[in-house]
Amino acid sequence: MQEQFNRHISKNIQNFYRKRLICPILYLLFTLALFQIFPVLSVISPAKLTHISNMEQQSQKNQVYVSATLSHLKFTGYTKSRFHRVIGYYYYMENKEKRECSIILLTPNACEQGLPEIETLTVYGKILSVDASFTSLLEHLSDDLNWTDSGIQSKVTPYYLSEPDFCYGFGIFLFLLLAGSALYAGLQILFFLSFILRPDFSPPCRKLGHFGKPKELLAQAEKELATLPQLATEDMFITERFFIETSKYGIAIVPIEEIIWIYKHSTLHKLFWRHFNISYTLNITANKHVYIHCPKNIKSDIDGIIDYLSEANHAILVGFSEENRQKIHAMQKSWHFRKKRAAK
């Protein structure tokens, strides 16, 4: 018996937080993957596009949000509309060295509603690959120039720079959302690791700080449990001075002398229209506003725990009733009991 319960509480705290580590680790990996998939960092810190012909290389690096200084822009005569509203004007910029030209979509304000020519302009935009609107533009341009579709496509780069698609506000929101959630997951991982390394730092042990030094009380509870529990169920134990729960739903330790109210309530579990199980929850209220809930237990185990605790501490109120609720409310002065309804 002594070997079976040696460091039983600490081991269960460590196992409990090892299992809880899985979710934040997976979520952190998921967020890091999203950072790679979506060009979030590119929105926050746009890369400088030194030459418009480098759009393909920038896109392959996932740096699609860029800043660029453009010169000698000429209006194509075509615009892009969305929801019956003009959102951009198509311009082209020639590269005489490579004998090609690039398409740039400017906002109405940047081009002053379609200036024929723009000498120089610095813009923030998003690099986009060929899409339906781009293909349609090339078809119209080829008709205007009496070129074939293949001929114009060989002269125009397959990527274009779109100023209206530079969603800075949404990028900031997405970055803050992903960075904040990644930070939260990272902090959870650090906290859980610290609880695994030092079980006395964990929340169940910190609650013991209401009644004394957590490390000393944990050591005393471990010693009493290892020596011989006076009452034991599958995951609830009573020693000389402590009530202890070590279930998959949580860990709890509370001195028996600090308990002021205990009661149980039942939960009917059903699948669709069929009732298939009833479980019972043990509710414990202790001084200093400490509340413990031990869910999904069987009735006989909880009844045994309640009987033993009420005998060990005659000051404990047993059972849920309006009278007991009022008494506890008067003792605790807590809104927690004002809203609680009687359990059936």
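This is a predicted model: local features need pLDDT of at least 70, side-chain atom pairs count only at pLDDT 80 or more; totals for chains, interfaces and linings use all residues.
S2 covers residues 65-82 and S3 covers residues 85-95; the two strands run antiparallel and are joined by six bridges. Across this pairing, Phe75 is opposite Tyr91 in S3.

S3 also pairs with strand S4, residues 100-106, through seven bridges, and this pair too is antiparallel. Here Tyr89 stands opposite Leu106 in S4.

## Thr76

Thr76 belongs to strand S2. Its relative accessible area is 13%, and because the cut-off for buried is under 20%, Thr76 counts as buried.

Two polar contacts involve the side chain of Thr76. One is to the backbone nitrogen of Tyr78, at 3.2 Å. In the other, a polar atom of the Thr76 side chain lies 2.8 Å from the backbone oxygen of Tyr90.

## Helices H1 and H6

Helix H1 spans residues 8-37 and helix H6 spans residues 168-197. Their axes come within 8 Å and cross at roughly 155 degrees. H1 is therefore roughly antiparallel to H6, since angles over 145 degrees are classed that way. The crossing of H1 past H6 is left-handed.

Sorted by class, the residues in the contact of H1 with H6 are 19 nonpolar, four polar and two charged.

Key
Residues are numbered from 1 along each chain as its sequence is written. Side-chain values use heavy atoms; hydrogens and water are left out. Two strands pair if DSSP finds at least two bridges between them. Helices (H or I, at least four residues) and strands (E, at least two) are DSSP runs, numbered from the N terminus. Axes are lines fitted to C-alpha atoms, for helices over the stretch in contact, and angles run from 0 to 180 degrees between N-to-C directions. Angles under 35 degrees count as roughly parallel, over 145 as roughly antiparallel, 65 to 115 as roughly perpendicular and the rest as oblique. A crossing is left-handed if the near helix is turned anticlockwise from the far one by less than a right angle, and right-handed if clockwise. Ala, Val, Leu, Ile, Met, Phe, Trp, Tyr, Cys and Pro count as nonpolar, Asp, Glu, Lys and Arg as charged, and the others, Gly among them, as polar. Buried means under 20% relative accessible area, exposed over 50%, partly exposed in between (1.4 Å probe, protein chains only). A polar contact is a pair of N or O atoms within 3.5 Å; within protein, one must be able to donate a hydrogen and the other to accept it, and residues adjacent in sequence count only if both atoms are side-chain atoms.
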